[in-house]
Amino acid sequence: QFTPDQDFIVKPQSAIHGLRHANLVLARVKPKLQNRKQALPGVLVLFDTSASRAAGFKQQVQRLGALVAALRKAHGDSLRVQVACFDQVIDRIYEGAASGFGPKHLERILTRRALGASDLHGALRWAATQKGAKRLLLITDGVRTAGNTESDRLRLAAMALKPTYQRLDVVAVGGIRDDALLKRLARGNLGEDGVVLDGELPVATLASRLGRTTRSGLAVSVAGARWV
């Protein structure tokens, strides 16, 4: 009756940590990092309601409610949440304390249905105009069918979020999704890199990962090496 709260790690049994041939060395390097919790004072959730999300839409909406509840449990009732649906237009569903987000808001999303085209670029530009949240969470498959669909234009839109948001995270959903694009949006554009999480993970795991710090761009140097 125990559910682990992190990955189970098996230490390698071999004493070999690298390979060498002539002047080339292949080595495993593991940085020493602390798995720290990060405060989450406010988050804007952009929830994809385009037609590609129609399959299992009710279950996705229920998981959205469960995720907000899990974030509230982890970060307290003071957590501020904004939830907006996007397809070819934006529909703000809720803004306020996480404790106030409930069944009536989920029902409104279900009534809206997943019928539209996906203008992800427009959703990012809209998010840049919003205030009150330092974190942006995309729940989407990354498939674009409206607006500017080029990945470079989308990354520019993500970079334009920098004055407002410190980090952009993604919960990737659906059987067909553009993981490469979602990683480009989450990393290298804002003050901190975000995570791209599989939407099939338990909501408690999603909430835990979203509440942790990230580290990127770690420099590796080896004395005497010409390149690393």
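These questions and answers cover helix packing and strand pairing in a predicted model.

Reader: Which residues in α1 meet which residues in α6?
Author: From α1 come Arg63, Ala66, Leu67, Ala70 and Leu71. From α6 come Val203, Leu206, Ala207 and Leu210. By class, that contact has 8 nonpolar, no polar and 1 charged residues.

Reader: What makes Arg63 the charged residue in that contact?
Author: Arg counts as charged, along with Asp, Glu and Lys, so Arg63 falls in that class.

Reader: What makes β5 and β8 edge strands?
Author: The open sheet has 6 strands in the order β5-β4-β3-β6-β7-β8, with mixed pairing. β5 (90-97) and β8 (196-198) each pair on one side only. The twist averages 20° from one strand to the next.

Reader: How do you know that β4 pairs with β5?
Author: Pairing needs at least two bridges. 7 bridges join β4 (residues 80-86) to β5, so the two strands pair. They run antiparallel. One of the bridges links Phe86 to Ile90 in β5.

Reader: Where does helix α3 lie, and at what angle to β3?
Author: Helix α3 (residues 120-128) lies across β3, β4, β5, β6 and β7. It runs at about 160° to β3 (42-48).

Notes
Residues numbered from 1 in each chain as written. Predicted model: local features only at pLDDT ≥ 70, side-chain atom pairs only at ≥ 80, totals over all residues. Heavy atoms only, no water. Contact = heavy atoms within 4.5 Å. Helix = DSSP H or I, 4+ residues; strand = E, 2+ residues; numbered from the N terminus. Axes fitted to C-alpha atoms, helices over the stretch in contact; angles between N-to-C directions.
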